[in-house]
Amino acid sequence: MLTRYTIGVDFGTLSGRAVLLNAESGEAVASSSMAYPHGVMEHALPNGTPLPPQFALQHPRDYIEVLAWVVRDVMKQADVSPEAIMGLGIDFTTCTLLPIREDGTPLCFEAEYEGEPHAYVKLWKHHGGQAEAERTTEVAKEMGEGWLAEYGGRVSSEWAIPKIMETLNRAPGVYEAAARFIDAGDWLSLLLTGQETHAAGFASLKFFWGYDRGYPSPAFFKALDPRLEHLIGTKIPSEVQTVEEIAGVLSVRGAEMTGLREGTPLALPIPDAVAAMPALNITKPGVLMAVVGTSGVQLIHAKESLSIAGICGQIRNGVVPGLYTYEAGQSAVGDIFDWFVRHCVPASYYEAAHQENCNIHQYLRARAQKMRAGESGLLALDWLNGNRSLLQDADVSGMILGLTITTRPEEIYRALIESTAYGVRAIVDAFEDGGLSIGEIRASGGIAKKDPMMMQIYADVLGRELAVIDSDQSAAHGAAIYAAVAAGLYPTLESASEALSVKEKTVYRPIAENGRIYSRLYAEYKRLYDYFGRGENNVMKRLRRIAEGEGNHEIGT
């Protein structure tokens with residue numbers, strides 16, 4: 001009997017990863033990854049056009065190349081034929097937005113727009129639309145828009161509408177030329193099947209759509225800008241597909257792109273963070289999933305709709321049928337450590353790491369691990385890429401307090417790790433204050449699996465057991481589980497998750513003495529959090545304006 005498989009492809013910030021899943025045993029038979037050839041474009045376009053501050057763009061051609069490589073590679077590794085692949089699933093960072101023509105062609109593919117930044121993909125961490133985000137929040141409050149409470153009471157520049165408004169304001173020609181502004185996951189779905197999707201996961205979290213209420217009214221969009229009055233139904237589809245549906249089946253073009261059979265079912269595309277939930281067997285309320293990677297995401301299911309201050313949003317019927325899924329997150333976690341080792345670590349440390357046959361992160365962790373909680377005398381704010389939750393403010397910035405002339409790199413490194421743990425605790429506290437009950441925490445992501453010191457710090461700071469799932473590619477694994485449901489191999493997502501999820505895990509238990517110290521430090525973190533983040537002292541915003549050449553622009557006190 002032919003063994004049946006599915007493939008899940010996870011499109012992350014820096015690369016795409018695929019998992020070939022045995023759809024009967026749940027074994028991840030093979031995996032593959034490929035970095036995006038253009039990476040994240042933060043300083044210039046491929047033709048040399050410079051980019052303004054706070055831009056984070058990508059080239060959509062990279063996604064096509066990565067998809068073609070990783071799908072074929074996992075089949076080659078396992079010597080599995082396309083006939084054995086029963087379904088394909090994809091997940092994507094979000095909001096990762098691009099303007100396209102009616103036939104799906106990205107505007108940046110055309111010679112006329114290859115030097116226009118707003119014609120490219122705006123990555124989730126693109127913060128160029130902060131002013132538009134603030135405008136959207138103000139108008140929503142003025143008009144008494146009830147849906148704003150579903151998004152924590154404030155709009156983020158990482159979401160779709162501010163990014164679209166930014167294009168309208170700064171590149172109106174691109175706005176007019178675009179037939180659609182589409183999340184990258186839905187765009188790939190269009191290329192693969194020939195059918196346009198607007199998946200509920202993307203629409204709910206990033207486009208202001210709600211399962212029970214639809215989109216905000218044309219009057220709201222008109223109040224934002226008269227040119228946006230008919231945005232919904234034209235440049236954004238009014239119809240949204242929920243998780244019970246599939247995207248379609250691979251067309252001739254989709255088969256050529258992937259090397260799979262024409263007619264292979266494609267699961268509805270899904271945001272990358274929530275894709276991992278079935279891989280961790282999280283399909284019921286009460287279990288928090290913490291993704292620890294380039295950025296951080298915290299997710300939990302519930303049976304009811306709640307208004308929780310400062311969160312990113314909620315999805316109904318976009319992840320698990322019949323449930324609400326709540327999301328919060330941190331705009332940088334791994335990016336913080338990457339920044340530090342690239343710009344703040346002396347050459348002598350790299351030389352020592354080389355002599356010890358380890359990388360610089362391993363070297364710093366080994367030294368930081370010898371320190372007790374609080375020993376460095378440092379406290380940091382984890383806002384080096386702004387704050388996604390709970391402030392939803394891209395204009396705040398990072399801080400390290402307590403530096404002396406004797407401070408060593410490993411002390412700063414540990415303080416930065418601790419700051420990300422405090423950020424998670426602030427979000428967990430907000431979830432519980434908002435009425436969500438958290439009985440268990442499970443973690444996934446590359447950092448979670450490979451950094452035991454960091455996970456122990458998280459357990460100590462949270463004061464809770466933390467289970468780290470033994471999977472290098474939990475999002476791609478989850479996407480493959482969605483593919484198994486789309487292919488009809490399992491009747492429900494719950495049954496597929498029970499059968500195919502990753503069972504192995506490592507449990508970290510809080511150390512009481514560390515927890516007492518971290519509780520004191522967390523209290524100081526929260527004081528800094530509120531002082532610099534909630535308007536008492538807007539020095540971070542003033543510094544940013546000065547750096548951008550707007551030194552005469554006063555902001556707050």
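Leaving aside neighbours within four places in sequence, Y522 is in contact with Y422, R425, A426 and D429, where contact means heavy atoms within 4.5 Å. Y522 belongs to helix α18, which covers residues 512–533. Helices (H or I, at least four residues) and strands (E, at least two) are DSSP runs, numbered from the N terminus. Y522 counts as buried because its relative accessibility is 6%. Here, buried means under 20% relative accessible area, exposed over 50%, and partly exposed in between, with a 1.4 Å probe and protein chains only. The C-alpha atoms of Y522 and V461 are separated by 7.8 Å, although the two residues are 61 apart along the chain.

The model is predicted: local features need pLDDT of at least 70, side-chain atom pairs count only at pLDDT 80 or more, and totals for chains, interfaces and linings use all residues. Residues are numbered from 1 along each chain as its sequence is written, and side-chain values use heavy atoms, with hydrogens and water left out.

Helix α15 (residues 452–462) and α18 pack at an angle of about 70°, with their axes 7 Å apart. Axes are lines fitted to C-alpha atoms, for helices over the stretch in contact, and angles run from 0 to 180 degrees between N-to-C directions. The two helices α15 and α18 are therefore roughly perpendicular to each other; angles under 35 degrees count as roughly parallel, over 145 as roughly antiparallel, 65 to 115 as roughly perpendicular and the rest as oblique. The crossing of α15 and α18 is right-handed. A crossing is left-handed if the near helix is turned anticlockwise from the far one by less than a right angle, and right-handed if clockwise.

Helix α11 (residues 347–355) and helix α12 (residues 360–368) pack at an angle of about 95°, with their axes 9 Å apart. That angle makes α11 roughly perpendicular to α12. Residues Y349, Y350, A352 and A353 of α11 meet I360, Y363, L364 and R367 of α12. By class, the contact of α11 with α12 has seven nonpolar, no polar and one charged residues.

Helix α2 (residues 130–142) has 13 residues and reaches 18 Å from its first C-alpha to its last, close to the 18 Å expected at 1.5 Å a residue. The expected span is 1.5 Å times one less than the number of residues. Buried in α2 are Q130, E132, A133, T136, T137, V139 and A140. The cover over the buried residues of α2 includes α3 (160–170) and α7 (218–224). After α2 comes G144, whose phi is positive, near 65°.

Helix α3 is largely enclosed by the rest of the structure, because nine of its eleven residues are buried. The buried residues of α3 are A160, I161, P162, K163, I164, M165, E166, T167 and L168.

**Backbone features in loops**

Most residues other than glycine have a negative phi, and most peptide bonds are trans. The table lists residues and bonds that depart from this pattern.

| Site | Backbone value | Loop |
|---|---|---|
| T94 to C95 | cis, omega near 5° | C95: between β5 (85–92) and β6 (97–100) |
| S389 and L390 | cis, omega about 25° | L390: between β16 (379–381) and β17 (399–401) |
| N281 | positive phi, about 55° | between α9 (272–275) and β12 (287–292) |

D79 counts as exposed because its relative accessibility is 73%. N281 is partly exposed, with a relative accessible area of 24%.

G398 lies in the loop between β16 and β17. At 32% relative accessibility, G398 counts as partly exposed. Not counting residues up to four places away in sequence, G398 touches L381, W383, L384 and M540. G398 and S419 are 21 residues apart in sequence and 10.0 Å apart in space, C-alpha to C-alpha.

Notes: Nonpolar A, V, L, I, M, F, W, Y, C, P; charged D, E, K, R; others polar.
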